[in-house]
Amino acid sequence: MPSQQEQLEAWSGRLLKALELEGTPVDISAVLDLAAAAAHNVVRPAAPLTTFIAGYAAGLAAGSGQAADAASMRSAMAVAAAECRDAADEGDAQ
């Protein structure tokens, strides 16, 4: 039986292929860390929403030529993680 990491890598590869994004690097650990930060610091359903918005923002930045793919993703993930921390500090956590 494949490990959870192997399953996530296979799933990521499958989605990338279906979306014609093969070869796009995905830092699965970073995405999961962001999802955990949103779930723990905001509210559990914020996890998928936060990762979607961060990915969307990164895609727009990269697509517009604002920054390279990897830099766009790192920046969007860092901004989203900071917002998760700020939300917890402000008492928005549930």
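Helices (H or I, at least four residues) and strands (E, at least two) are DSSP runs, numbered from the N terminus.

**View 1. The overall fold is α-α-α-α along the sequence.** This is a predicted model: local features need pLDDT of at least 70, side-chain atom pairs count only at pLDDT 80 or more, and totals for chains, interfaces and linings use all residues. Residues are numbered from 1 along each chain as its sequence is written, and side-chain values use heavy atoms, without hydrogens or water. The protein has 4 helices and 0 strands. Its C-alpha atoms fill a box of roughly 40 × 40 × 15 Å along the principal axes. Of the 94 residues, 22% are buried (under 20% relative accessible area; exposed is over 50%, partly exposed in between; 1.4 Å probe, protein chains only).

**View 2. Phe52 and Tyr56 form a stacked pair.** Phe52 sits in helix α3 (residues 46–63). The structure holds 1 aromatic pair. The ring centres of Phe52 and Tyr56 are 5.9 Å apart and the planes lie at 25 degrees, so the pair is stacked (centres within 6.5 Å; under 30 degrees stacked, over 60 edge-to-face, the rest tilted). About one helical turn separates Phe52 and Tyr56, because they are 4 residues apart in helix α3. Phe52 is exposed, with a relative accessible area of 55%. Tyr56 is exposed too.

**View 3. Leu49, Phe52, Ile53, Tyr56 and Leu60 make a nonpolar surface patch.** The patch covers about 560 Å². Patch residues have over 30% relative accessible area and no salt bridge; like charges are joined within 9 Å, nonpolar side chains (Val, Leu, Ile, Met, Phe, Trp, Tyr) within 5 Å. A salt bridge is a side-chain nitrogen of Lys or Arg within 4 Å of a carboxyl oxygen of Asp or Glu.

**View 4. Glu83, Asp86, Asp89 and Glu90 form a negative surface patch.** Glu83 lies in helix α4 (residues 69–89).

How values were computed:
Areas by Shrake-Rupley, 256 points an atom, 1.4 Å probe, with all protein chains shown as cover. Lys, Arg positive; Asp, Glu negative; His and termini not counted. Charge placed at Lys NZ, Arg CZ, Asp CG, Glu CD. Phe/Tyr/Trp six-rings, centres within 6.5 Å; stacked < 30°, edge-to-face > 60°.
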